[in-house]
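Hello,

Here is the structure we talked about. Please open it alongside this note; my findings follow below.

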Amino acid sequence: MLKNKDLLGLQYCSAEEITEILDGAVEMKKFLCGKARKSNLLAGRSLVTLFYENSTRTRSSFELAGKLLGASEVNISSAASSVQKGETLIDTGETLDAMKVDYIVIRHPMAGAPKLLAEHVRASVINGGDGMHEHPTQALLDMFTMREKFGFLNGLKVAILGDLKHSRVAMSNAFGLNKFGARVYAYAPATMVPKAFERLGVTVAKSREEAVEGADVVMGLRIQLERQNGGLFPSLSEYSKFYGVNDDVLKLAKKNAIVLHPGPVNRGVELSPQVIDGEKSLILEQVTNGVAVRMSILNLLAQYREKNL
């Protein structure tokens, strides 16, 4: 069973808790891909997705996960909420808590916002991405996809290439994969590598080739132009030429390597169209797995709440 009412980041999760989530996702995927696809497991429970930033995959997969398990679901975007009238995050949370909400999935541009919210509500808070801090459920679905393909995580070489500086996905993967003995290599322009990355047990490669050579997993990251002030690299075409992954670069990885990307993909920038649509790509499978992983999280948090709250 999970040890806390909230899922705020993989930094705070043990390997045992992560394994429990991934194991649960195996059963949830069977259910998701089956014919019945309707459960009363979370009947009577309510889920609110509170997003202060745009999202397609994370928000819709949480909404679908909740509905498939029988929970009632409400979406709140900051543009259509009382935030526009000056309401604070804590006030919003306490208002939702007064409505007896069970889960609040929050995405926020400020790092630490989910933790702040969790400290002021009885609801289980799930981090759907906070600033440049963490995106735990994305890393969990990445890890699930890797484990589903290879059967294990220990010893896998995972190459992560792209906008490391602004990527909460890379941060959560670093926290999670290191708990299982995976070897994480990262590569990006020097202007896009956070100083703290190596302290997380990540090997910052000196070249794209070093990162990809012999890799089991090659993960591209989106260039997050909305979080940048410009000047981090000369142009998108030059970025693609020197830092992107195409078929020639991918040949350096193992023959049975897989390609992942959290999406949305900038085609021809982080990954070439041939790589995105190639046989090694599991990008769409990640989306399916994202629903299963989030179903598992909701179910395990429900079990925690049943016994502790």
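Which helices are included in what covers the buried residues of H1? The cover includes helix H2 (57–68), helix H5 (136–150), helix H6 (168–178) and helix H11 (283–308). Keep in mind that this is a predicted model.

Helix H1 itself runs over residues 15–32. At 1.5 Å a residue, its 18 residues should span 26 Å. The end C-alpha atoms of H1 are 25 Å apart, so the two values agree. Its buried residues are Glu 17, Ile 18, Ile 21, Leu 22, Ala 25, Met 28, Lys 29 and Leu 32.

Now the cores. The largest nonpolar core has 65 residues. Ile 126, Leu 140, Met 146 and Leu 164 touch the most other members. H11 is the top contributor to this core, giving nine residues. A second, separate core holds 19 residues, among them Val 212, Val 218, Val 259 and Leu 271.

Leaving out residues up to four places away in sequence, Leu 140 touches Leu 7, Leu 10, Ile 18, Ile 21, Leu 22, Val 293 and Ile 297.

H11 gives the most, with eight. By type, the lining of the second largest pocket divides into 10 nonpolar, eight polar and four charged residues.

Best wishes

Methods: Residues numbered from 1 in each chain as written. Predicted model: local features only at pLDDT ≥ 70, side-chain atom pairs only at ≥ 80, totals over all residues. Heavy atoms only, no water. Helix = DSSP H or I, 4+ residues; strand = E, 2+ residues; numbered from the N terminus. Expected span 1.5 Å × (residues − 1). Buried < 20%, exposed > 50% of the residue type's maximum accessible area, 1.4 Å probe, protein only. Contact = heavy atoms within 4.5 Å. Core = buried A, V, L, I, M, F, W, Y, C linked by side-chain atoms within 4.5 Å. Nonpolar A, V, L, I, M, F, W, Y, C, P; charged D, E, K, R; others polar.
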